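Me: Hey, I'm new to this one. Can you walk me through it?
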Amino acid sequence: MESRVRELRETQGWSQGELADRLAVSRQTVNAIETGKYDPSLPLAFRIARLFHEPIESIFLPGAES
């Protein structure tokens, strides 16, 4: 699944580590989401959406499946 997480994170000026801290996950998890190697759980996707004040469907986009 493709996502806009990297774009949204960079817009805020946050490092992967800063985003990870805000989401209570590891930096590796943020990296895996941004590179499309990991699809977040639904609760994590909701936390991401709330953090960026965006609907989930505007952050996570259907794309090439891994």
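Me: Let's begin with Gln16. What does Gln16 touch, not counting residues up to four places away in sequence?
Reply: Gln16 touches Arg6, Arg9, Arg27, Val30, Asn31 and Glu34. Keep in mind that this is a predicted model.

Me: Okay. Which helix is Gln16 found in, and is Gln16 buried or exposed?
Reply: Gln16 is in helix α2. The relative accessibility of Gln16 is 13%, so this residue counts as buried, the limit being under 20%.

Me: Which residues of α2 are buried?
Reply: Those are Gln16, Leu19, Ala20 and Leu23. Looking down the axis of α2, you'd find these buried residues within an arc of 100°, so they line one face of the helix.

Me: And what do the buried residues of α2 pack against?
Reply: They pack against three helices: α1, α3 and α4.

Me: Let's look at α2 and α3, then. At what angle do their axes cross?
Reply: They cross at roughly 105°, and the axes come within 8 Å. That angle falls in the 65 to 115 range, so α2 is roughly perpendicular to α3.

Me: Which residues make that contact?
Reply: On the α2 side you have Gln16, Gly17, Leu19 and Ala20, while α3 brings Arg27, Val30, Asn31 and Glu34.

Me: What does Arg9 touch, leaving out residues up to four places away in sequence?
Reply: Arg9 touches Trp14, Ser15, Gln16, Leu19, Glu34 and Phe52.

Me: New topic: the core. How many residues are in the largest nonpolar core?
Reply: There are 15 residues in it. Those with the most contacts inside the core are Val5, Leu19, Ile33, Ile48, Phe52, Ile59 and Phe60. The elements giving two or more residues to this core are α1 (5-12), α2 (16-23), α3 (27-34) and α4 (42-52).

Me: Which element gives the largest share of this core?
Reply: That's α4, with five residues.

Me: What is Ile59 in contact with, leaving aside its neighbours within four places in sequence?
Reply: Ile59 is in contact with Glu2, Ser3, Arg4, Val5, Leu8, Ile48, Ala49 and Glu54.

Me: Now the loops. What is phi of Ala24 near?
Reply: Phi of Ala24 is near 60°, a positive value in a residue other than glycine. Most residues other than glycine have a negative phi. Ala24 sits in the loop between α2 and α3, and at 67% relative accessibility Ala24 counts as exposed.

Me: And His53, where is that one?
Reply: His53 is in the loop between α4 and α5 (56-59). Phi of His53 is also positive, near 55°, and with a relative accessibility of 72% His53 counts as exposed.

Me: Last one: which residues does the UniProt domain annotation cover?
Reply: The unreviewed UniProt entry has the annotation "domain: HTH cro/C1-type" over residues 5-59. Over residues 5-59 the chain is 71% helix and 0% strand, with the end C-alpha atoms 7 Å apart.

Technical notes: Residues numbered from 1 in each chain as written. Predicted model: local features only at pLDDT ≥ 70, side-chain atom pairs only at ≥ 80, totals over all residues. Heavy atoms only, no water. Core = buried A, V, L, I, M, F, W, Y, C linked by side-chain atoms within 4.5 Å. Buried < 20%, exposed > 50% of the residue type's maximum accessible area, 1.4 Å probe, protein only. Helix = DSSP H or I, 4+ residues; strand = E, 2+ residues; numbered from the N terminus. Contact = heavy atoms within 4.5 Å. Arc of directions from axis to C-beta. UniProt positions renumbered as here; feature names shortened; annotations may be inferred. Axes fitted to C-alpha atoms, helices over the stretch in contact; angles between N-to-C directions. Parallel < 35°, antiparallel > 145°, perpendicular 65-115°, else oblique.
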